Amino acid sequence: MYWYQQPPKNGLKLIVSSTSWKYNSYEDGYSEAKIEVNRESSNYFLMAIKNVTPQDEATYFCAAS
């Protein structure tokens, strides 16, 4: 599962990917302290943004492969 952020008037930016049940890979500038990803089942992922600020304003997308 891949999570992308698209701030207003900008392109998509990969922020975190999850390739297994326990391991998440965060892109530079992002961490588990800010972005929490949980896999509840093989078909259900949840992403949460912690301590939201105005800089987090964006559209967020997920993609599976």
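**Figure 1. A hairpin joins strand 4 to strand 5 through two residues.** The model shown in every view is predicted: local features need pLDDT of at least 70, side-chain atom pairs count only at pLDDT 80 or more, and totals for chains, interfaces and linings use all residues. Residues are numbered from 1 along each chain as its sequence is written, and side-chain values use heavy atoms, with hydrogens and water left out. Strands (E, at least two residues) and helices (H or I, at least four) are DSSP runs, numbered from the N terminus. Strand 4 covers residues 35-41, and strand 5 covers residues 44-49. These two strands pair in the antiparallel sense over six bridges; two strands are said to pair if DSSP finds at least two bridges between them. Within this pairing, Asn38 stands opposite Leu46 of strand 5.

Figure 2. Strand 2 and strand 3 run antiparallel and are joined by three bridges. Ser17 stands opposite Ser25 in strand 3. In a regular strand the side chains alternate between the two faces of the sheet.

**Figure 3. Ten residues make up the largest nonpolar core.** A nonpolar core is a set of buried Ala, Val, Leu, Ile, Met, Phe, Trp, Tyr and Cys residues joined through side-chain atoms within 4.5 Å. Buried means under 20% relative accessible area, exposed means over 50%, and partly exposed lies in between (1.4 Å probe, protein chains only). The members of this core are Met1, Trp3, Ile15, Val16, Tyr26, Tyr30, Ile35, Val37, Phe45 and Met47. Strand 2, strand 4 and strand 5 are the elements that give two or more residues to the core. One core member, Val37, can be followed through its contacts (heavy atoms within 4.5 Å). Not counting residues up to four places away in sequence, Val37 touches Trp3, Val16, Asn24, Tyr26, Phe45, Leu46 and Met47.

**Figure 4. Asp56 and Lys34 form a salt bridge.** A salt bridge is a side-chain nitrogen of Lys or Arg within 4 Å of a carboxyl oxygen of Asp or Glu, and the structure holds one. The closest N and O atoms of Asp56 and Lys34 are 2.7 Å apart. Asp56 lies in the loop between strand 5 (44-49) and strand 6 (59-63), and Lys34 in the loop between strand 3 (24-26) and strand 4 (35-41), so the pair ties together parts that are 22 residues apart in sequence. Asp56 is buried, with a relative accessible area of 13%. Leaving aside neighbours within four places in sequence, Asp56 is in contact with Gln5, Lys34, Ile49 and Asn51.

**Figure 5. The side chain of Lys34 reaches the backbone oxygen of Asn51.** The distance is 2.8 Å; a polar contact is a pair of N or O atoms within 3.5 Å, where within protein one must be able to donate a hydrogen and the other to accept it, and residues adjacent in sequence count only if both atoms are side-chain atoms. Apart from neighbours within four places in sequence, Lys34 is in contact with Ala48, Ile49, Lys50, Asn51, Val52, Thr53 and Asp56. The C-alpha atoms of Lys34 and Ala48 are separated by 8.3 Å.

**Figure 6. Lys9 and Asn51 have positive phi values.** Phi of Lys9 is near 60 degrees, a positive value in a residue other than glycine. Lys9 is found in the loop between strand 1 (2-6) and strand 2 (13-18), and is exposed, with a relative accessible area of 88%. Asn51 is not a glycine either, and its phi is about 50 degrees. Asn51 is placed in the loop between strand 5 and strand 6 and counts as exposed at 67% relative accessibility.
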